[in-house]
Amino acid sequence: MLRAECSWLLDCRLRRLIVNADDFGLTRGVNRAIVEASSDGIVTSSTLMANGQAFEDAIAHANPASRLSVGCHVVLVDGSPVLGGRQASTLFDKKAHDGRFYGGLGAFAWRAVSGRVDADEIEAEVTAQIRKLQSAGLAVSHLDTHKHTHILPQVLRPLLRAARACGVPAVRNPFGPVRFSILAKNPSLWKRYSQVTVLNRLGGRFRNSVTDAGMLTTDGTVGIVSTGAMDDYLFASIVESLPEGTWEFVCHPGYNDAELDRIQTRLRESRALELQLLTSPKTLELLARSGIQLISYRDLA
């Protein structure tokens with residue numbers, strides 16, 4: 001219990017920030033950008049897609065001697081399962097005819113909350129994805145999910161069981177403060193702001209579940225609402241308004257190259273812009289001036 005409580009009481013007199021790059025393993029260009037954003041910038045952690053097309057390339061770049069703490073980016077939508085056949089049949093899009101997951105969060109969420117997704121199959125698939133990383137020699141430091149599917153209690157419960165069974169100590173807290181004033185100059189984000197505000201009502205249940213599982217997490221995440229639109233102004237606003245405690249900034253650096261063109265994703269040019277932001281000397285100066293300490297998920301444990 002004490003270990004879990006420390007996850008959001010970790011010296012609350014300070015402001016600590018984990019900078020996590022999602023989608024490690026998506027493409028070689030994304031992999032290269034994440035490594036550069038760690039070695040030359042502020043990224044401290046990343047989460048690797050076990051079913052990403054550039055998985056082997058990511059493993060080759062995941063140097064255990066580096067400061068980059070690598071976790072598992074669990075994919076339950078918009079991708080292919082690690083398990084095959086009937087082992088995860090309720091997770092498959094029956095209309096796809098190629099054994100893929102549902103393409104969007106909406107259809108998957110509706111099936112999950114209506115009881116049409118088998119929790120044991122979620123646990124088995126999450127376990128298989130974690131074990132694939134561990135079998136490649138990685139010490140998996142934490143979990144998060146593609147499209148933040150573990151916001152749903154129906155996903156969170158089996159995911160936590162899989163994490164504990166595999167010895168993974170921490171999980172992303174996908175909930176956090178969203179200040180409308182930060183987004184006021186960007187009307188394109190207002191719809192996402194309203195969606196996240198509604199979903200934040202599940203935050204209390206999330207924290208209780210993580211505590212009961214004896215796992216670690218942060219006080220919450222920042223930057224999710226700004227995904228795809230992050231710029232210097234938004235980042236500076238987030239940093240300047242960051243509360244005391246331990247938080248995670250979610251980012252998606254990458255190169256907008258020919259390989260990414262073949263991937264179904266809405267994040268293209270924004271990945272290159274985020275890479276520039278994450279490696280800019282001005283960004284490092286801003287964090288130092290604000291008295292924010294950069295840590296990784298490895299430091300939570």
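**Close-up 1. H148 in the loop between β4 and α6.** In this predicted model, H148 is placed in the loop that runs between strand β4 (142-145) and helix α6. Although H148 is not a glycine, its phi is positive, at about 55 degrees. The relative accessibility of H148 is 11%, and because residues under 20% are classed as buried, H148 counts as buried.

**Close-up 2. D78 in the loop between β3 and α4.** D78 belongs to the loop that connects strand β3 (69-74) with helix α4 (105-113). Its phi is near 55 degrees, which is a positive value in a residue other than glycine. With a relative accessibility of 16%, D78 counts as buried.

Close-up 3. S69 is a residue of strand β3, and with a relative accessible area of 0% it is buried. When neighbours within four places in sequence are left aside, S69 is in contact with T44, S45 and S46, with S141 and H142, and with S296, Y297 and R298.

Close-up 4. T127 is located in helix α5, which spans residues 119-135, and it is partly exposed, its relative accessible area being 21%. A polar atom of the T127 side chain lies 2.7 Å from the backbone oxygen of E123. Apart from residues up to four places away in sequence, T127 touches A162 and C166. Although T127 and C166 are 39 residues apart along the chain, their C-alpha atoms are separated by 7.0 Å.

**Close-up 5. The packing of helix α6 with helix α9.** The helices shown are α6, made up of residues 153-166, and α9, made up of residues 203-213, and their axes come within 11 Å and cross at roughly 20 degrees. Because angles under 35 degrees count as roughly parallel, α6 is described as roughly parallel to α9. The crossing of these two helices, α6 and α9, is right-handed. On the α6 side the contact involves P153, L156, R157, L160 and R164, which meet R205, F206, S209, V210, D212 and A213 of α9. By class, the residues in the contact of α6 with α9 comprise six nonpolar, one polar and four charged.

**Close-up 6. The packing of helix α10 with helix α13.** Helix α10 (residues 232-240) and helix α13 (residues 281-289) have axes that come within 10 Å and cross at roughly 15 degrees, and α10 and α13 are therefore roughly parallel to each other. The crossing of α10 and α13 is right-handed. From α10, the residues F235, A236, V239 and E240 take part in the contact, while α13 contributes T283, L286 and L287. Sorted by class, the contact of α10 with α13 contains five nonpolar residues, one polar residue and one charged residue.

Key
Residues are numbered from 1 along each chain as its sequence is written. This is a predicted model: local features need pLDDT of at least 70, side-chain atom pairs count only at pLDDT 80 or more; totals for chains, interfaces and linings use all residues. Side-chain values use heavy atoms; hydrogens and water are left out. Helices (H or I, at least four residues) and strands (E, at least two) are DSSP runs, numbered from the N terminus. Buried means under 20% relative accessible area, exposed over 50%, partly exposed in between (1.4 Å probe, protein chains only). Contact means heavy atoms within 4.5 Å. A polar contact is a pair of N or O atoms within 3.5 Å; within protein, one must be able to donate a hydrogen and the other to accept it, and residues adjacent in sequence count only if both atoms are side-chain atoms. Axes are lines fitted to C-alpha atoms, for helices over the stretch in contact, and angles run from 0 to 180 degrees between N-to-C directions. Angles under 35 degrees count as roughly parallel, over 145 as roughly antiparallel, 65 to 115 as roughly perpendicular and the rest as oblique. A crossing is left-handed if the near helix is turned anticlockwise from the far one by less than a right angle, and right-handed if clockwise. Ala, Val, Leu, Ile, Met, Phe, Trp, Tyr, Cys and Pro count as nonpolar, Asp, Glu, Lys and Arg as charged, and the others, Gly among them, as polar.
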